[in-house]
Amino acid sequence: MPSQPPIPPLLSPYLSTAPSASLTLLTSTLGASTNWLVLRFIYAGLKNTSYEKDGSTKEYTENTRVVLVSWLRDGNFWKEGGRKLGINFQKVQIVYALSTGLGLGAGGLAEVETEILKAVATAREVTKENGEARVLLVLDGLDFLLAATGCATLEIMELVGAVREHVHSTLLTSSADLPFTQSPTTALEISHTAFVMGMAHQARIIMSVRGLDTGVARDVSGVLRICRGAGAGDEVDEGDGEVEERECLYFVGADGGVRVFERGA
Amino acid sequence: MADRALQHRRVHNLLLIQKLLGLRGDSSPFTLVLDTVEQSAKPLIRHYINNAKISKTDVVYISFETFKPPLGIAAFIKTRRKDAATIQKEISSVVSTTKRALLMFDTLYPLACNTNLDLPSFLSSLVTPTTSLLAIYHMDIPLPPPPNPYAPSPLTSLEFLATTIFTTHSLEQVLSRKRAADKSLAEPVFGLEEKREGVIIGLGSNDPKGLVLEMNHRRKSGRNIEEVFFLLPLTSKEKPLLLDDHPLYRRPDLGDAKSAADEVAAELSSTFDLGITAKQRRDREGVVLPYFDAQKDGFGGGEGGRILYDMGVEDDFDEEEDEI
């Protein structure tokens, strides 16, 4: 198989610059991870390229920095995957949430907020030299804190709200396995469902990956569903691009290259 | 007859929805909007904000999950990490006592989570003769288990309190359910109901081309009016219409057959029309009953009733048999 372009053409309209104050929600399941998608969002964000609907690209001048906070993977994992794509990690501020156990110590969620805001401030300071600051915040696996600390959903949502105010746009990943979203019964299931659905109500785009409904296939890794979130209408007044919904298949190759294609293609 | 019923609904219910959306009079002091992630209530909110300008009402937006203040509102209150008392204080500081105001809550989830707060009485305390309330409740966000398992959920109490309840649906999903029902097939399910691992939202959600709005309006008399509308986006400048009138929902070929069937059914149930038209009512009011004449003084007062009859040309009067 020839090497794949870093951004699959079908996905390019969705990865282009998100409008200010917007939230993008990615959900994963145990069998289908969003890591490849997160890397592509970072890549597209740093490229300073917005992808138009007709497939053409448009360069813009604002400098973008990424603040990546991951509770599920360490920095090396992201750097390794990112290097294959050609992400310049000079422009990515990584908060080592996994190795430091961010949010699990005595500081709790308040510590998470200070750490993230510190990283955002650093990223912004760097950008200031080259003009206007624009920060894309990636919160990977924030739902882990719900399970690990048992804090209330509302506290986590308020944390997300507090940090969102300081950045241009936010990318949030969360797991959406069956027990975490379907007829929840235990306290953790209820708070997890509330968190995912609460974020879905704020999100502009919701991208969900899941395994194939029909089982495992050699040439398909899973299904990607892209929907307009409940927050999609927030910026319609300003004539921002509409989100086109779509369900397609994807395949992550051994070399990390990703192919996204329509069903039956 | 079915046509007339539809026409009646069209006239009355479309007037009602425009009155509600236009905030005319104190038509609905507390409007509760139930939405899901499949169809957000945000487009409906924009209609309200737009109409508030025309009806000279201040919109006070109490934001729990909105970051950008919508255009055209009078005040934007951020609520993050504030308790109910502080929020209440901030609301009362921006609401004027003379000008009409509409308080808009973009979600009630944070308040409903607060077990120390009696949500119905908190909301009722905000409603005044000049201030009405509109609150969005997300149906798909589960609340933490209540401390008292026998107490009614906040949603139940709110539904009792509300004077109008709107429920939003996605047009595309409503249409595909109807298409399946028309063919007697199992209706498709969307989003969380799909019960598929990793699916939280269905295709056809939050279509910018419009939404289906289910209304349940309680009149002061206690009668409630239910109707389903199709609400176009604000940019189209079109008025809402009945969902039954939507060209994609109504199927003309089936529709005629159905109304014919309705007429047959109506004829079977009664042999005459119990209704009365406006002209018939006017004519009936104009009729002078004999009893009124009998009550006049000097005309057989106290003598009991008498039948008055004016002879016409067509009457064949027989001296021997008939008497007046």
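Let me start with a group of charged residues: A:Arg210, A:Asp213, A:Arg225, A:Glu247, A:Arg263, B:Glu194 and B:Arg196 are linked in a network of salt bridges, a salt bridge being a side-chain nitrogen of Lys or Arg within 4 Å of a carboxyl oxygen of Asp or Glu. Please keep in mind that this is a predicted model, in which local features need pLDDT of at least 70 and side-chain atom pairs count only at pLDDT 80 or more, while totals for chains, interfaces and linings use all residues. Residues are numbered from 1 along each chain as its sequence is written, chains are lettered from A and ligands numbered from 1 in the order in which they are written, and side-chain values use heavy atoms, with hydrogens and water left out.

B:Glu194 is buried, with a relative accessible area of 16%, whereas B:Arg196 counts as partly exposed at 31%; here buried means under 20% relative accessible area, exposed over 50%, and partly exposed in between, with a 1.4 Å probe and protein chains only.

A:Glu113 forms one with B:Arg81, with 2.9 Å between the closest N and O atoms. A:Glu113 lies in helix α5 (residues 108-128) of chain A and B:Arg81 in the loop between β3 (75-78) and α3 (84-94) of chain B, so the pair joins two chains; helices (H or I, at least four residues) and strands (E, at least two) are DSSP runs, numbered from the N terminus. A:Glu113 is buried at 17% relative accessible area, and B:Arg81 is partly exposed at 46%.

The other bridge brings together the side chains of B:Asp245 and B:Arg10, at 2.7 Å from N to O. This pair links distant parts of the chain, 235 residues apart, with B:Asp245 in the loop between β9 (241-242) and α8 (252-269) and B:Arg10 in helix α1 of chain B. B:Asp245 is buried, with a relative accessible area of 15%, and B:Arg10 is partly exposed, with 25%.

As for chain B as a whole, its secondary structure comes to 10 helices and nine strands, and 39% of its 324 residues count as buried. Among contacts in chain B (heavy atoms within 4.5 Å) between residues at least 6 apart in sequence, 66% join residues at least 24 apart.
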